[in-house]
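Reader: I would like to go through the labels used for this model and hear what each one rests on.

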Amino acid sequence: MDTHLLHIYTGNGKGKTTAAMGLALRALGHGKKVVIAQLMKDGTTGELRSLRQLPGAIIFEGFLMKGFVRTRNEEERQRLVDRHHAAMRELMAVIDSEQPALTVLDELNVALAMGLVGRAEANTLIDTALKYGDCAATGRHAGEGLMGRAHYVTRMEAVKHPFDEGQAAREGIEF
Ligand code: ATP
Ligand code: MG
C-alpha cells in the first residue's frame with residue numbers, strides 16, 4: 001500500500017503558497033496527476049496561470065472569489081459560506097474521479113480561520129485526498145487539529161519582509 005502524507009505550510013513568512021505550488025510542479029514533472037484548489041483568491045495568480053498550461057494539472061475553480069471577506073455584510077458572508085460548502089462537495093467529487101497523486105489546498109488554513117469552511121468538512125476533504133495521494137494545505141493560522149494530524153508541518157517565519165518597509169505586492173513575485 002502507498003503511503004499518503006499530509007503537508008502543512010503555515011506561519012507569517014513568505015513561501016507557503018510557492019512551496020505548495022513547487023511541490024505540484026515536482027509531481028507533475030514525474031507525470032503525476034495533481035488537483036489544485038486555491039481559496040481566498042480570484043484565479044489570476046501567476047501560479048494558476050502557469051499550472052493551467054501543464055498536462056496533469058487539474059485546477060479546481062469552485063472557491064475563487066473577488067474582494068475581502070471582512071468587508072462583507074452578514075447576508076453576503078452567508079452566501080460565501082454556502083458557496084464554499086458546495087465547492088467542498090464538488091472538490092471531493094473531482095478528487096474521487098481524478099484520483100490525484102497530490103492535492104494542493106492553498107489557503108485552506110485561512111478559510112478555516114475565517115469560518116468560510118468548517119473543521120469537520122476540511123478533515124473529510126483531506127481524508128478524500130489522502131485516499132489517492134499526498135495532500136498539502138497552506139495558510140497562516142493553521143489549527144492545532146490539522147497540525148496534529150499532519151506528517152510534515154513547516155512554519156515559515158518572517159524575519160524580514162519588504163511589506164514592512166512600505167513595499168507593495170509585486171506582480172510575478174507576490175502573486
Ligand atoms: P507566497 O505566495 O509568496 O508563497 P505566502 O503564501 O507564504 O507567500 P500568504 O500569507 O499567503 O503568503 O500571503 C499572501 C501575500 O502576502 C503574498 O503575496 C505574499 O507574498 C505576501 N506575504 C507573505 N508574507 C508576508 C509578510 N510577512 N508580510 C507581508 N506580506 C507577506
Ligand atoms: Mg499563500
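Author: The buried residues of helix α3 are Leu80, His84, Ala87, Met88, Leu91, Met92 and Ile95. This is a predicted model, in which local features need pLDDT of at least 70, side-chain atom pairs count only at pLDDT 80 or more, and totals for chains, interfaces and linings use all residues. Residues are numbered from 1 along each chain as its sequence is written, and side-chain values use heavy atoms, with hydrogens and water left out.

Reader: What covers the buried residues of α3?

Author: The cover includes β2 (34–38), β3 (57–60), β4 and α5 (119–132). Contact here means heavy atoms within 4.5 Å. Helices (H or I, at least four residues) and strands (E, at least two) are DSSP runs, numbered from the N terminus.

Reader: How do you know that the reach of α3 is close to the expected one?

Author: The expected span is 1.5 Å times one less than the number of residues. Helix α3 (residues 74–98) has 25 residues and runs 36 Å from first C-alpha to last, close to the expected 36 Å.

Reader: Why is Thr17 called buried?

Author: Buried means under 20% relative accessible area, exposed over 50%, and partly exposed in between (1.4 Å probe, protein chains only). Thr17 has 13% relative accessibility, so Thr17 counts as buried. Glu107 is buried as well, with a relative accessible area of 13%.

Reader: Why is the pair of Lys41 and Glu107 called a salt bridge?

Author: The term requires a side-chain nitrogen of Lys or Arg within 4 Å of a carboxyl oxygen of Asp or Glu. The closest N and O atoms of Lys41 and Glu107 are 3.3 Å apart, so the pair qualifies. Lys41 lies in the loop between β2 and α2 (46–51) and Glu107 in the loop between β4 and α4, so the bridge ties together parts 66 residues apart in sequence. Lys41, Asp106 and Glu107 are linked in a network of salt bridges.

Reader: What makes Lys41 partly exposed?

Author: Its relative accessible area is 23%, so Lys41 falls in the partly exposed range.

Key. Chains lettered and ligands numbered in written order.
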